[in-house]
Amino acid sequence: MSSFLVQNLIFLVVIGLVKCETIKPWYETLPAVAMDYKVHIEAGKEDCYFQFVNPGATFYVSFQVLRGGDGKAGFAVRNPEGLIVYPYQWRANADYQDQTPTGGYYSVCIDNQFSRFAPKLVNLYITVIRYDQWEKYTKELEELNLSVENFTSTIRNVEKNINDILQSQHLSRSQEARDLNLLLDNNFYVQTWSIAQIIVIAVTTTIQVYFVKKLFDVKPSRYSKASL
């Protein structure tokens with residue numbers, strides 16, 4: 001009886017592993033995917049993120065440091081073959097675009113190892129666009145005996161223009177967020193040092209007044225008391 005239960009348990013585990021291996025990302029069949037993240041990178045650390053790209057799809061990634069330290073971080077991209085296609089550079093922002101014929105997982109790494117004390121807040125924007133999906137739509141429409149070459153090319157151009165606009169909007173929003181965080185940090189810095197200076201001035205003034213009073217505080221000497 002116990003051996004039968006063990007066999008059933010092993011069978012269920014194997015089935016579960018097979019199902020886990022066959023699960024694919026939910027966005028794999030979509031013609032276009034856009035993701036916007038704000039990630040926190042601790043001081044002296046490096047974080048890597050992986051994005052699946054379909055064969056023939058166009059991969060685009062951009063990053064911008066919003067706040068923290070000198071406002072810069074290391075940024076690198078590896079292709080599905082593991083080659084560094086965008087080498088590490090210590091910058092405030094950067095972007096990269098590529099098209100892979102084989103597909104696979106791109107690795108995007110953000111490095112904050114040169115900053116030993118200051119964490120960084122980074123905006124990460126990733127898009128994966130499959131322009132070949134429009135060819136499928138063209139074939140489907142051609143089967144209906146419709147002449148849609150101009151229509152398809154127009155839609156393709158519109159799609160590219162929309163993606164370019166989205167990328168420009170993302171860069172604008174990232175720069176705006178960076179400027180806002182810089183303004184807030186400067187405001188906090190000025191307020192903190194202003195309060196500290198006010199406290200120092202108040203304490204210094206109190207000490208000076210105390211010692212000036214002590215200078216004019218004349219106590220009667222022993223001889224003056226004897227004469228009286």
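This is a predicted model: local features need pLDDT of at least 70, side-chain atom pairs count only at pLDDT 80 or more; totals for chains, interfaces and linings use all residues.
Guide: Residues are numbered from 1 along each chain as its sequence is written, and side-chain values use heavy atoms, with hydrogens and water left out.

Visitor: What makes D70 and K120 a salt bridge?

Guide: A salt bridge is a side-chain nitrogen of Lys or Arg within 4 Å of a carboxyl oxygen of Asp or Glu. The closest N and O atoms of D70 and K120 are 3.5 Å apart, so the pair falls within that 4 Å limit. A search of the whole structure finds 1 salt bridge.

Visitor: Which parts does the pair tie together?

Guide: D70 lies in the loop between strand 3 and strand 4, whereas K120 belongs to strand 8, so the pair links parts that are 50 residues apart in sequence. Strands here are DSSP runs of E with at least two residues, and helices are runs of H or I with at least four, numbered from the N terminus.

Visitor: Why is K120 called buried, and why is D70 called partly exposed?

Guide: Buried means under 20% relative accessible area, exposed means over 50%, and partly exposed lies in between, using a 1.4 Å probe and protein chains only. K120 has a relative accessible area of 0% and is therefore buried, whereas D70, with 47%, is partly exposed.

Visitor: How do you know that strand 3 and strand 8 pair?

Guide: Two strands pair if DSSP finds at least two bridges between them. Strand 3 (residues 58-67) and strand 8 (residues 120-129) are joined by 9 bridges and run antiparallel, with S62 having Y125 in strand 8 as its bridge partner.

Visitor: Why are strand 1 and strand 6 said to stand at the edges?

Guide: The open sheet of 4 strands has the order 1-8-3-6, with antiparallel pairing. Strand 1 (32-41) and strand 6 (93-99) each have a single partner strand, so one side of each is left without a neighbour in the sheet.

Visitor: What is the basis for calling residues 188-212 a "transmembrane region"?

Guide: That name comes from the UniProt annotation, in an unreviewed entry; such positions are given in the numbering used here, feature names are shortened, and annotations may be inferred rather than shown by experiment. In the model, residues 188-212 are 100% helix and 0% strand, with the end C-alpha atoms 36 Å apart.
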